[in-house]
Amino acid sequence: VHSNPFDLFGASKMMNKGLGYFYDRVLAMGLVRHFKPHQDALYPTRAPNSPPSVSFSPSPSLSTPLAPWHEVAFSDTVYDFDEMATRRMFGYSSVEHYYHHGSSVRYLPTVAVPLLCILAEDDYMLDIPGIDKTAFSTNPNLLLALTSRGGHVT
C-alpha cells in the first residue's frame, strides 16, 4: 500500500493546507465529472435532456436524499461532494460518520496477510503524525516503511 490516507478525516483536513488545497479542487471536479453521467439513475424524476442547473427530486430509493444536482455539480471540495452526495448515497448520517467508517486504520489490527505500507513524512495529503501507528507494532502482518521524503504517490 502506497500513500494510503488511513484516516479519511485527517486527510480531508490536510487538503486544506498547501498543495492539498489545489488537489482537493481537482479531485472534486473529477468526482462531479464522473457522477454526472449517472444523474438519470440517481435523479429519475429529472426531465430527459434537461440542463444540470434545473432542480429536481432525488431518487426515493436512497435512504437520505441527495442534494439537488445543481448543488452537487458545484462542489468545491471533496468534503462538499461527500456531504451532498456520497454520505447520503450510502446512508451515513454525516461526512464524519462516513469518513470514520471508511478509514482503513480501523481494519489494520485484523489484517491477516503480510502488508507493507509505504508513507513519506513530507506527504502533503496525509496527516502522518495523526495516524494511529499502534497496529503496526502489535500486528505481525503489518510493516510500515516511513521515509523522510517522497511526497504523495511519487
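# Terms and cut-offs in a predicted chain

Visitor: Why is R25 called partly exposed?

Guide: R25 has a relative accessibility of 25%. Buried means under 20% relative accessible area, exposed means over 50%, and partly exposed is in between, with a 1.4 Å probe and protein chains only. The value for R25 falls in between, so R25 counts as partly exposed.

Visitor: What kind of model is this, and how are residues numbered?

Guide: This is a predicted model, with residues numbered from 1 along each chain as its sequence is written; local features need pLDDT of at least 70, and side-chain atom pairs count only at pLDDT 80 or more. Totals for chains, interfaces and linings use all residues, while side-chain values use heavy atoms, with hydrogens and water left out.

Visitor: What makes D24 and R25 a salt bridge?

Guide: The term requires a side-chain nitrogen of Lys or Arg within 4 Å of a carboxyl oxygen of Asp or Glu. For D24 and R25 the closest N and O atoms are 3.4 Å apart, and by this rule the count comes to 3 salt bridges. In general, side chains of opposite charge can pair when their charged atoms come close.

Visitor: Is D24 buried or exposed?

Guide: D24 is buried, because its relative accessible area is 3%.

Visitor: How do you know that E83, R87 and R88 form a network?

Guide: E83 forms a salt bridge with R87, with the closest N and O atoms 2.9 Å apart. The side chains of E83 and R88 also meet in a salt bridge, at 3.2 Å from N to O. These bridges link E83, R87 and R88 in a network.

Visitor: How are E83 and R87 placed in helix α5?

Guide: E83 and R87 both lie in α5, 4 residues apart, about one turn of the helix. An α-helix has 3.6 residues a turn, so residues three or four places apart point the same way.

Visitor: What makes a run of residues a helix or a strand?

Guide: Helices (H or I, at least four residues) and strands (E, at least two) are DSSP runs, numbered from the N terminus. The chain has 7 helices and 2 strands, and its pattern along the sequence is α-α-α-α-α-α-β-α-β.

Visitor: How does the span of α2 compare with what is expected?

Guide: The expected span is 1.5 Å times one less than the number of residues. With 16 residues, α2 reaches 22 Å from its first C-alpha to its last, close to the 22 Å expected. Its buried residues are G20, D24, A28, G30, V32 and F35; what covers them includes α1 (8-14), α3 (39-42), α4 (69-72) and α5 (78-89).

Visitor: What makes L19, Y21 and F22 a nonpolar patch?

Guide: Patch residues have over 30% relative accessible area and no salt bridge; nonpolar side chains (Val, Leu, Ile, Met, Phe, Trp, Tyr) are joined within 5 Å, and like charges within 9 Å. Y21, in helix α2 (residues 20-35), has 39% relative accessible area, so it clears the 30% cut-off. Together L19, Y21 and F22 have about 340 Å² of accessible area on the surface; such areas come from the Shrake-Rupley method with a 1.4 Å probe, and for residues only the protein chains shown count as cover.

Visitor: Why does N139 count as buried?

Guide: N139 counts as buried because its relative accessibility is 7%. It is in the loop between α7 (134-138) and β2 (142-147). Leaving aside residues up to four places away in sequence, N139 touches L108, P109, T110 and V111, where contact means heavy atoms within 4.5 Å.

Visitor: Why is P140 called exposed?

Guide: P140 is found in the loop between α7 and β2. The relative accessible area of P140 is 78%, over the 50% cut-off, so P140 is exposed.

Visitor: How do you know that H152 is buried, and what does H152 touch?

Guide: H152 has a relative accessible area of 17%, which is under 20%, so H152 is buried. H152 lies in the segment after β2 and touches S3, Y23, D123, Y124 and M125, not counting residues up to four places away in sequence.
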